[in-house]
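Morning, everyone. Please look at the structure on the screen, and I'll walk you through a few parts of it.

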Amino acid sequence: MNVKIVHKFIRPAVKSFERLPMNVKTLLLQLVDLVLFPRTLGEIRRVKKLQKLGARPAFQLNRDTGLAKFNVDDSFTNKAIAFSRETLHKYLQNGDEKSNSKDYLRQIFNSGMLTSDSKFLLDWATSPEVLLPVSSYFEKYPLLHDISVFYSPPTSEIQDSFKGSQLFHMDGGGTQCVKLWLLCEDVALENGPTVLVPAAISQSIAKELGYEPGTKISDSTVGNVDDSVFVATGPAGSWFATDTDRCLHYGSRTGKSSGRLVLMFHFVEHNSTYYLPVFSQNYWASTKKISKELLSGSSTYAKLSLRKRTV
């Protein structure tokens with residue numbers, strides 16, 4: 001699509017849609033599912049085929065909380081940690097510290113950088129054991145949007161205030177998403193962990209505030225939620241599942257001598273603005289593509305999860 005059209009018409013429409021209250025956005029997307037019924041029917045069929053495999057779900061995500069802690073076998077976890085640490089080593093060795101727009105949260109690996117050496121990450125993320133619980137949560141076939149290694153460096157000075165995703169917010173890409181996080185180093189409070197308010201409580205706060213998804217708000221605006229927050233801390237090898245579209249959250253509030261390294265798998269469903277008809281054009285140029293050659297030999301279920309990402 002013409003770039004001028006995207007910038008003039010589609011981008012403002014996407015941003016306006018993403019900031020709609022969750023209940024309004026949910027209703028509109030339910031109407032989209034009705035209008036695009038053949039697409040919706042295809043999603044139902046894909047989910048049923050996945051369920052018939054009888055795979056053991058890697059985790060279970062409750063809609064009231066939108067977050068969970070779970071375990072993954074040591075062989076994959078240790079290999080993923082080693083890969084993430086090596087990625088950070090190369091990143092720092094190459095002097096790429098200034099290459100990201102966020103100085104406090106740097107994406108040092110994404111799915112567009114996948115090679116045969118890192119394909120094991122893709123194979124795990126698109127295995128039935130992972131796709132099944134995500135599809136159960138979405139009630140739609142999951143799309144693997146990205147695989148990322150994120151590095152939050154130690155702060156260079158004591159922070160008096162926070163900015164961006166260091167402040168409470170909900171992601172605005174759709175009405176639900178699933179992010180799977182692996183801590184690749186020990187993470188305590190001083191390492192800037194992801195801090196989340198359970199989904200049901202977040203929705204109540206959002207309704208009371210008239211909150212617009214994507215907007216960053218202060219701790220004082222959210223109010224005292226200390227007794228209910230979920231803090232993603234733990235030793236290296238800890239796994240977490242979160243819905244950051246429905247949970248207020250923040251992260252990367254690191255200390256002067258403490259950083260954070262995490263591996264993240266980001267899943268969305270077909271009504272995310274990343275893939276919604278027309279709206280997806282706003283993101284298409286920046287969406288990291290995956291070559292069909294890399295998927296050679298992958299399962300049908302993997303290819304379905306990446307059907308809008310391959311080139």
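One definition before we start: buried means under 20% relative accessible area, exposed over 50%, and partly exposed in between, with a 1.4 Å probe and protein chains only. This is a predicted model, where local features need pLDDT of at least 70, side-chain atom pairs count only at pLDDT 80 or more, and totals for chains, interfaces and linings use all residues. Residues are numbered from 1 along each chain as its sequence is written, and side-chain values use heavy atoms, without hydrogens and water.

In β9, 9 of its 9 residues are buried. R260, V262, M264, H266 and V268 point one way. L261, L263, F265 and F267 point the other way.

Now its partners. Two strands pair if DSSP finds at least two bridges between them. Strand β3, residues 143-152, runs antiparallel to β9, with 9 bridges joining them. There, Y151 has L261 as its bridge partner. Strand β4, residues 178-183, is also antiparallel to β9, through 6 bridges. W181 of the chain stands opposite M264 in β9.

Next, another sheet. Three strands form an open one, in the order β6-β5-β8, with antiparallel pairing. Its edge strands are β6 (230-231) and β8 (249-250), each pairing on one side only. Strand β5, residues 195-196, meets β6 over 2 bridges. V195 stands opposite V231 in β6.

Last, K52. This residue is in the loop between α3 (37-51) and β1 (67-70). Why is K52 called exposed? Because its relative accessible area is 73%.

Technical notes: Helix = DSSP H or I, 4+ residues; strand = E, 2+ residues; numbered from the N terminus.
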